[in-house]
Amino acid sequence: MPLILITGVSTGIGRALAERFARDGWTVVGTVRDAAKMADVQWPGEVRLETADLAQRGSGRALAARVLSAHGTPDVVVNNAGTLEFGPVEDESPDSAEEVFRVNVFEPVEIIRALAPAMRTAGGGTVVNVTSLGGRMVFPFFTTYNSSKHALEGYSEGLWHELQLSKIRVKAVEPGFVETAVWGKSVRNRGDSPYQGSGPYGPAMEAMARFEGSISNRSTPEQAAEEIRTAILDPSDRLRYPVASYARPMLRARRWLGDLRVMRFFHSRWMGK
Ligand SMILES: NC(=O)c1ccc[n+]([C@@H]2O[C@H](COP(=O)([O-])OP(=O)(O)OC[C@H]3O[C@@H](n4cnc5c(N)ncnc54)[C@H](OP(=O)(O)O)[C@@H]3O)[C@@H](O)[C@H]2O)c1
């Protein structure tokens, strides 16, 4: 049975994806940060857990080495784990910005770099980066998070060219809005300093948080996982897959109306201007 490595299977999209592939009979290697929290989880098939905190420099390469020695060469690698920052850039600490880029970009790229030689030797495979609708457009106060997803989009496009030489397909999956813990970890916790927003930012942050809270019809993690599974199994060389609620319509609107008109529209709604 094929082997799939998925980072961040404790909750949300990664969890649903791991369950889906396990149910299909694939061998899933999933990463978590805290294995003790997963002790009671009943997986619907074979899910082998590895521990990795991708905020640690070198964790991606160490994870790849453990996967190769303990489980073999993955047929599919899904960089799903991600972390989200909410707040004005001016208020952010350089350390938190660096952590967002390490978890969302640098260590995922290290995982790919470390696994590519073995995948090439095995005859190829598929690399999937879970980016975001925010990897194609930027939402205020999600600037650092969205910029990290833009960076992962950039790597995905470049690697699409480079890894094709080794018969490794690269896919960027771009979720819109999915109801997962990632949102609670940011906007709803904004009462924690420094997310109140200093100086001129407070009212606009409130407006943005209200907008975030008002988004209805978000996809479930299972719905998103189903669309991502279809992308993973697509044998074509397609690179980008907008998935889940609002991703396709928002990208279409931006293409039709142009960047600036859409930015002005959202600016007036989000920033109270
Ligand atoms: N939900 C959405 O609307 C949405 C939209 C666009 C893109 N995405 C992307 O989809 C992916 C999955 O997110 P989700 O919505 O399913 O959120 P989630 O439920 O919070 O899942 C995120 C996963 O990443 C793991 N993770 C976070 N920080 C980590 C670190 N330092 N090291 C290793 N693992 C870490 C989490 O582990 P812990 O349990 O230990 O925190 C969790 O397993 C992310 O890349 C996210 O950016 C989500």
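**A friendly note on the sheet and its helices**

1. Let's start with a strand pair: β1 (residues 3-6) and β4 (residues 76-79) run parallel to each other over 3 bridges. Strands count as paired if DSSP finds at least two bridges between them. Within this pair, I4 stands opposite V76 in β4. Helices (H or I, at least four residues) and strands (E, at least two) are DSSP runs, numbered from the N terminus.

2. A word on the model. It is predicted, so local features need pLDDT of at least 70 and side-chain atom pairs count only at pLDDT 80 or more, while totals for chains, interfaces and linings use all residues. Residue numbers start from 1 along each chain as its sequence is written.

3. Now the whole sheet: 7 strands form an open sheet in the order β3-β2-β1-β4-β5-β6-β7, with parallel pairing. At the edges, β3 (47-51) and β7 (240-243) each pair on one side only.

4. Next, helix α1 (residues 12-23) and helix α7 (residues 221-233) pack at about 60°, their axes 8 Å apart. Axes are lines fitted to C-alpha atoms, for helices over the stretch in contact, and angles run from 0 to 180 degrees between N-to-C directions.

5. Which residues of α1 meet α7? They are G12, I13, R15, A16, L17 and R20, facing P221, E222, A224, A225, I228 and R229. Contact here requires C-beta atoms, placed from the backbone, to lie within 7 Å.

Terms used. Contact = placed C-beta atoms within 7 Å.
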